[in-house]
Amino acid sequence: MTQKVLAAVRTAPGTTEMREFDRPEIDEDSALLQVEVAGICGTDVKLYSNPPTSPATRGPVIMGHENVGVIAEAGAKFKARHGLREGDRVFVEHYVGCFNCEWCRIGEYRHCEATDWRTNPHARRFGYTSADNPGTLWGGFSQYMYLPWNAVLHKIPDTITAEQAGLVMPLSNGIEWALLTAGVGYNDTVLIQGPGQQGLSQLVAAKQAGASKIIVSGTTRDKRRFDLAKELGADEVIDVLQEDPREKVMDLTDGRGVDFVLDCTSRAGTAPVLLGIDVLKRREGTLLIQGELAAFPDFPVKQVTEKAITIKSARGHSFNACELAVAQLASGRFPLEKLATHRYGIDQVDHAIRVLAGETEEDAIHISLMPELVGQAGGAVR
Ligand SMILES: [Zn+2]
Ligand SMILES: [Zn+2]
């Protein structure tokens, strides 16, 4: 085994360098993952240009929080605790909870202070934590990643390809938000705003849950994504720049409005939330929000109250959602691999993040970063 590990390191906002690290020592409580694929999402775009500055996240950071790989080396206690051994293929959640607090005790470790850098300056999670922390390799844009005792792992069957495996995280978010948080179910009508990796994942979750009408909205440049949305089961699509989305949703629901609105837009301001409030059914609709905005001037609180709207927050994923995502991918029911549009070596992290941010001409839905592609060109796979 190599004693040096090659990783892409964010050394400053918007700057990446390739570096070699010593292979970390593994004790009986920890393990080392050989990274197969690390997905990237909108969070990487934000964190790349505007990194968090808590003590645990300051310094050189190996990003990559959506990671799949093979257990390369593991201590005896780690193997016993996780029921795993060397050679097992796993998806690694980015949370590392304490497993002793009120949230961890009920299985909601995504809310644990030990892994929430927003409220705890010493919190750690994969893809955010600096290489100055014990274990060094805290992100997936690396040949190997360190796994402490409290890493949360999900077995991935060998029938799932590397690129499909890279979709576990967006799909688990889709299942968490549409199904478990919002509660979309049998015969429901749903408006999904934004046909990116997150919107399309929620579309699949809503379809599998039994929604009777799924409408996906986007803009004119989403043409290709609209086609994919239809292929994945969307009943209707709306280009909000070409047609009036309020009228169209009402037409499509016989004037009733939808049961659920799921906002998966990015950098779209207040418009998606205002549209959602307008097109929800007359009473008791549910609006799922992502809270990108720090403030919302003239928020229509009267309308929300009068329509008895429930607002739910999209906040990561649970263990159950990850297990359901793996099962959904393994089932092959939906052509989810079509979301995986681009792949690059970890030596192209900077470019890949800029592609996902829309700074280039390439239209990527989901991007996989792979250590084994280092030195190769990378780019669109379909
Ligand atoms: Zn992500
Ligand atoms: Zn905890």
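Guide: Let's start at arginine 315, which touches Arg110, His111, Arg118 and Trp177, leaving out residues up to four places away in sequence. Keep in mind that this is a predicted model.

Visitor: Okay, and where does arginine 315 lie?

Guide: In the loop between β13 (310-313) and α11.

Visitor: How far apart are arginine 315 and arginine 110 along the chain, and how far are their C-alpha atoms separated?

Guide: Along the chain they are 205 residues apart, while their C-alpha atoms are separated by 8.3 Å.

Visitor: Is arginine 315 buried, exposed or partly exposed?

Guide: Partly exposed, because its relative accessible area is 43%, and that category sits between under 20% for buried and over 50% for exposed.

Visitor: Let's switch to the metals. Which residues are the protein donors of the zinc ion (ligand 2)?

Guide: Four cysteines: Cys98, Cys101, Cys104 and Cys112, each through its SG atom, lying 2.3 to 2.4 Å from the zinc ion. In sequence, these donor residues are spaced C-x2-C-x2-C-x7-C.

Visitor: What is the geometry of that site of the zinc ion (ligand 2)?

Guide: Tetrahedral, with angles of 104 to 117° among the 4 donor atoms. For background, the ideal angle for four tetrahedral donors is 109.5 degrees.

Visitor: And those cysteines, what about cysteine 98: buried or partly exposed?

Guide: Cysteine 98 is partly exposed, as its relative accessible area is 28%. Cysteine 104 counts as buried, because its relative accessibility is 6% and the cut-off for buried is under 20%.

Visitor: Now the zinc ion (ligand 1): which residues coordinate that one?

Guide: Cys41 through SG, His65 through NE2 and Glu66 through OE, at 2.0 to 2.2 Å. Along the chain, the donors of this zinc ion follow the spacing C-x23-H-E.

Visitor: Are histidine 65 and glutamate 66 buried or exposed?

Guide: Both of them are buried.

Visitor: Time for helices. At what angle do α5 and α11 pack?

Guide: At about 115°, and their axes are 8 Å apart. Helix α5 covers residues 168-182 and helix α11 covers residues 319-331. Their crossing is right-handed.

Visitor: Which residues in α5 meet α11?

Guide: On the α5 side you'll find Val168, Leu171, Ser172, Ile175, Glu176, Leu179 and Leu180. They meet a group in α11 that includes Asn320, Ala321, Cys322 and Leu324. By class, the residues of this contact divide into 11 nonpolar, 3 polar and 1 charged.

Visitor: What about α1 and α12, what angle do they pack at?

Guide: About 120°, with their axes 9 Å apart; α1 is residues 42-49 and α12 is residues 349-356. The crossing of α1 and α12 is left-handed. Gly42, Asp44, Val45 and Tyr48 in α1 meet Asp350, Ile353, Arg354 and Leu356 in α12. The classes in this contact are 4 nonpolar, 1 polar and 3 charged residues.

Visitor: Another loop: where is leucine 241?

Guide: Between β10 (236-239) and α8 (245-252). Leucine 241 is exposed, since its relative accessible area is 59%.

Visitor: What is leucine 241 in contact with?

Guide: Thr219 and Thr220, leaving aside neighbours within four places in sequence. From leucine 241 to threonine 219 it is 22 residues in sequence and 5.8 Å in space, C-alpha to C-alpha.

Visitor: Last one, serine 313. Where does that lie?

Guide: In strand β13. Serine 313 is partly exposed, with a relative accessible area of 48%. Leaving out residues up to four places away in sequence, serine 313 touches Thr181, Leu288 and Ile289. As for aspartate 347, 34 residues from serine 313 along the chain, the two C-alpha atoms are separated by 35 Å.

Terms used
Residues are numbered from 1 along each chain as its sequence is written. Chains are lettered from A and ligands numbered from 1 in the order in which they are written. This is a predicted model: local features need pLDDT of at least 70, side-chain atom pairs count only at pLDDT 80 or more; totals for chains, interfaces and linings use all residues. Side-chain values use heavy atoms; hydrogens and water are left out. Donors are N, O and S atoms within 2.8 Å of the metal (3.2 Å for Na, K and Ca); water is not among the atoms, so sites may look incomplete. Four donors count as tetrahedral if all angles lie between 85 and 135 degrees; four count as square planar and six as octahedral if opposite donors are over 155 degrees apart and all others between 65 and 115; anything else is irregular. Buried means under 20% relative accessible area, exposed over 50%, partly exposed in between (1.4 Å probe, protein chains only). Axes are lines fitted to C-alpha atoms, for helices over the stretch in contact, and angles run from 0 to 180 degrees between N-to-C directions. Helices (H or I, at least four residues) and strands (E, at least two) are DSSP runs, numbered from the N terminus. A crossing is left-handed if the near helix is turned anticlockwise from the far one by less than a right angle, and right-handed if clockwise. Contact means heavy atoms within 4.5 Å. Ala, Val, Leu, Ile, Met, Phe, Trp, Tyr, Cys and Pro count as nonpolar, Asp, Glu, Lys and Arg as charged, and the others, Gly among them, as polar.
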